[in-house]
Amino acid sequence: MSSEESLRTTLVALSDTKLLLGYHYGEWTFGPPAIEAGIAACSMAQEEFGHTRLLDGILKREFELEIDPLADDRPPEAMASIAFLDRPLGSWTGLVAANAVVDMALSLVLGSFEGGSYAPLARVVPKMLLEERFHAEHADGWVRLIDSRGGDAAVRLHDALGRALAATAAFFGPPDHDAELVRAGARDAGDDVLRRRLCGRIASLVVDPAAVGLAADGDGWSPAAEPDWGGWDAHRRRLDPGGPRREILDELRGTKNVAFKSA
Amino acid sequence: MGVPERVFEVFARIAPGDPMSHVGTLNAPGIELARVYAWRIYDEEDWAEMWVAPRDAILSAHPDHEGPLPAPGRLAGKPA
């Protein structure tokens, strides 16, 4: 894959995943453990949607690729979002796992462009990461809290973190798949490095990293089981051939309200 | 899950050098989340500074009152 193609697919994956992440954050405006947590989730949803618009703007200007979330007719199997977000998160522990793993993975990828040579993205990343700082603090607070209290909630959190880590490992892709982008100077770190950073970060938040599917790897942490990269879709950055549930996409796209859309 | 929560008080200044104002109260299970919640909930101004403190860490300096800051309207040591 050329560096330009690699850049485009990375931007689409970031935009699609942020759209789905915003949906799930928004869904948890209601039903969180405390009203303060609902306000934080709603606020994070707004920021994810804002980031999606920014990324879509770059795709339109730089790649002549128009993604309008309200007019998007791609089937679920064409979306490039991280598979952990395909279904409703089910519980607060699922939301915390998406916050801690998926959101952080996106921030790590964005951060790798901050000092890079691709100006359209390097220009907007600092503001995005400033907002993301609070997403990370929210995730850290909840992971530490639930993990340290133990019991059923901690078991459920570990399960959700493990599933989120597996789906996100697929997003980071096989070794060196993005070497061209790093060589070209668009990014200052490749996805292998970022995946280790993410695993190290999650390992630092929980008492027993093995409980979330991580294994010590030299001076850091990696997924205990390396994915089989045979079925990896480089364009969608996924191993899972499916996609987000149709009803989630319908809600995001306002499918039921199509009669009220402006022409 | 039954997570115990503490009450936190939020203070802020609009501009450096302005008086510090008490802007509100929130519940959070710990200081880390209290910081996040405070910034998210009380975002009506472009604050230059925002501070958050556990209510029970704020002590009375008035000679007629003792102990930590009570809930509003319940000043410790003052006749009902």
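**View 1. Order of secondary structure along chain B of the predicted model.** Along its sequence, chain B runs β-β-α-β, which amounts to one helix and three strands. Helices (H or I, at least four residues) and strands (E, at least two) are DSSP runs numbered from the N terminus. The model is predicted, with local features requiring pLDDT of at least 70 and side-chain atom pairs counted only at pLDDT 80 or more, while totals for chains, interfaces and linings use all residues. Residues are numbered from 1 along each chain as its sequence is written, and chains are lettered from A and ligands numbered from 1 in the order in which they are written.

View 2. Of the 80 residues in chain B, 19% are buried (20 or more other C-beta atoms within 10 Å of the residue's own, C-beta atoms being placed from the backbone). Among contacts in chain B (C-beta atoms, placed from the backbone, within 7 Å) between residues at least 6 apart in sequence, 37% join residues at least 24 apart.

**View 3. The side of chain B that touches chain A.** Here 16 residues of chain B are in contact with 13 residues of chain A. Two or more residues each come from β2 (21-28) and α1 (31-41) of chain B, and α1(B) gives the largest share, eight residues. By class, this side has ten nonpolar residues (Ala, Val, Leu, Ile, Met, Phe, Trp, Tyr, Cys and Pro), four charged (Asp, Glu, Lys and Arg) and two polar (the others, Gly among them).

Methods. Contact = placed C-beta atoms within 7 Å. Buried ≥ 20, exposed ≤ 12 C-beta atoms within 10 Å, placed from the backbone.
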